[in-house]
Amino acid sequence: VKEWWKMLKESIRMSWQNIRGNKMRTFLTMLGIIIGVTAIIALITTVGSATGEITSQFSALGAGKVSVSINGTTIKHGLNESDLAHIAALDNVAGVDPNVSLRTYAAQDGQLVEDVTLEGRSSDYFSAQDDLIGRGRALKAIDMDRSSHVCIIDQTLASAAFPNEDPLGQSLILHGQQFTVVGVLSEDSGNDLMAAMSASSDGGKAIIPYPAAMRLSGSNTVQSLTLYLKDSSLSSETVDNVKQLLDSAFNYRDSAYSIINLDSLLDTMNSITGMMTTMLAGIASIALLVGGIGIMNMMLVSVSERTTEIGLRKALGARPGLIQMQFLMESVMLSLMGGFIGILVGNLVSWMIAMALDITFQLNAGAITLAFVFSASVGILFGWAPARKASRLNPIDALRSM
């Protein structure tokens with residue numbers, strides 16, 4: 001073991017001396033590895049950072065939610081209270097939020113605000129998202145049972161209907177009916193899925209208990225609802241159970257409803273981005289193969305230039321294994337040096353791209369490991385043939401060139 005360790009140290013020392021003795025050729029040889037590793041790191045890390053940003057935003061919009069849209073049939077136009085109760089009783093359903101929406105006006109003390117979005121929501125909508133209310137209180141279950149005339153307004157409607165006043169506790173006319181303002185939405189309350197998908201109105205938004213919204217819209221059924229799940233990993237099973245209920249309610253008409261399982265969409269998106277990352281890494285790896293060919297070419301030239309040195313070393317008793325180890329070590333050192341520089345440059349490029357795109361930079365340990373292993377493998381793979389050639393050189397033939 002000591003002898004092998006001594007041979008290894010001697011091979012590293014001689015390889016380093018040869019690398020330092022040909023600085024320009026060494027740099028040009030490593031350039032291919034640097035470019036290849038930089039491309040792999042930059043592509044994988046940038047795609048990973050962008051994917052993470054998109055995934056986090058998408059998860060904030062719809063993690064643990066299932067959206068149901070009712071088209072209805074000629075006999076049954078939507079879901080009634082009995083249907084909603086059956087859905088709420090399903091396993092893994094933590095809450096049901098019927099969505100009733102209409103465009104209307106708001107009036108207060110002679111102040112008229114047009115183009116107001118009036119939404120009917122349940123108490124589950126606020127229970128599932130504890131950051132919706134900026135001031136005041138959320139809608140409660142008792143407001144649903146009593147169809148209370150209370151409302152929650154956003155900042156836009158608060159400024160328009162109550163300029164320079166505190167809206168809490170004051171009356172507001174919505175669609176001809178009087179409501180009491182019990183809460184004001186927070187500034188970032190538009191991060192739920194339905195708010196993100198619905199068009200915004202110039203007059204702002206008011207939220208009232210959904211039974212009151214149904215009465216104002218003149219309908220006794222709802223056409224849209226959101227289900228909040230207890231365990232998002234069981235979303236597929238929950239969707240199947242919901243489909244069974246809806247099939248029974250609408251006489252097994254598939255066109256009567258549609259269900260959007262956001263967790264399944266997220267899984268599909270992650271699968272697609274994973275395939276894209278693998279494809280991009282494969283394309284970038286071509287640059288590493290080109291760099292490996294450059295290393296092989298340089299090592300073959302080095303063997304030809306050092307024929308006399310190899311012959312003298314063999315004549316003095318150097319074993320073929322030691323000579324092969326020296327040239328192989330030189331190839332691996334070139335690859336690892338290029339790989340290390342490429343990792344640094346690649347992460348720097350990824351950081352700059354992340355700053356330019358205004359996304360969070362995420363250091364990708366997998367990409368770094370892949371680049372390091374790939375560069376070391378390139379050094380061994382493309383350095384083996386020149387090292388083998390050097391170890392098999394006939395010392396007599398080598399000394400004739402002196």
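**View 1. Asn251, an exposed residue in the loop between α9 and β11.** Asn251 counts as exposed because its relative accessible area is 60%, where exposed means over 50%, buried under 20% and partly exposed in between, computed with a 1.4 Å probe and with protein chains only. The residue is found in the loop between α9 and β11, and its phi is near 55°, a positive value in a residue other than glycine. Helices (H or I, at least four residues) and strands (E, at least two) are DSSP runs, numbered from the N terminus. The model shown is predicted, so that local features need pLDDT of at least 70 and side-chain atom pairs count only at pLDDT 80 or more, while totals for chains, interfaces and linings use all residues. Residues are numbered from 1 along each chain as its sequence is written, and side-chain values use heavy atoms, with hydrogens and water left out.

**View 2. Helix α9 and the strands that it lies across.** Helix α9, residues 235-249, lies across β1, β2, β10 (224-229) and β11, and it runs at about 170° to β11. Contact here means heavy atoms within 4.5 Å, and axes are lines fitted to C-alpha atoms, for helices over the stretch in contact, with angles from 0 to 180 degrees between N-to-C directions. The 15 residues of α9 reach 21 Å from the first C-alpha to the last, close to the 21 Å expected at 1.5 Å a residue; the expected span is 1.5 Å times one less than the number of residues. Among the buried residues of α9 are Val239, Val242 and Leu246, together with the polar Ser235 and Thr238 and the acidic Asp247.

**View 3. The open sheet β2-β10-β1-β11.** Four strands form this open sheet in the order β2-β10-β1-β11, with antiparallel pairing, where two strands pair if DSSP finds at least two bridges between them. The edge strands, each pairing on one side only, are β2 (93-98) and β11 (257-261). Neighbouring strands of the sheet are turned by 20° against each other on average, direction ignored.

**View 4. Strand β1 and its two partners.** Strand β1, residues 65-70, pairs with β11 in the antiparallel sense over five bridges, and the pairing of β1 with β10 is likewise antiparallel over five bridges. Val66 stands opposite Asn261 in β11, whereas the bridge partner of Val68 is Leu225 in β10. Five of the six residues of β1 are buried, leaving the strand mostly covered.

View 5. Thr117 lies in β4, which spans residues 111-121, and counts as buried because its relative accessibility is 7%. The side chains of Thr117 and Arg103 are joined by a polar contact of 3.2 Å, that is, a pair of N or O atoms within 3.5 Å of which, within protein, one must be able to donate a hydrogen and the other to accept it, residues adjacent in sequence counting only if both atoms are side-chain atoms. Asp115 also lies in β4 and has a positive phi of about 55° although it is not a glycine; this residue counts as partly exposed because its relative accessibility is 29%.
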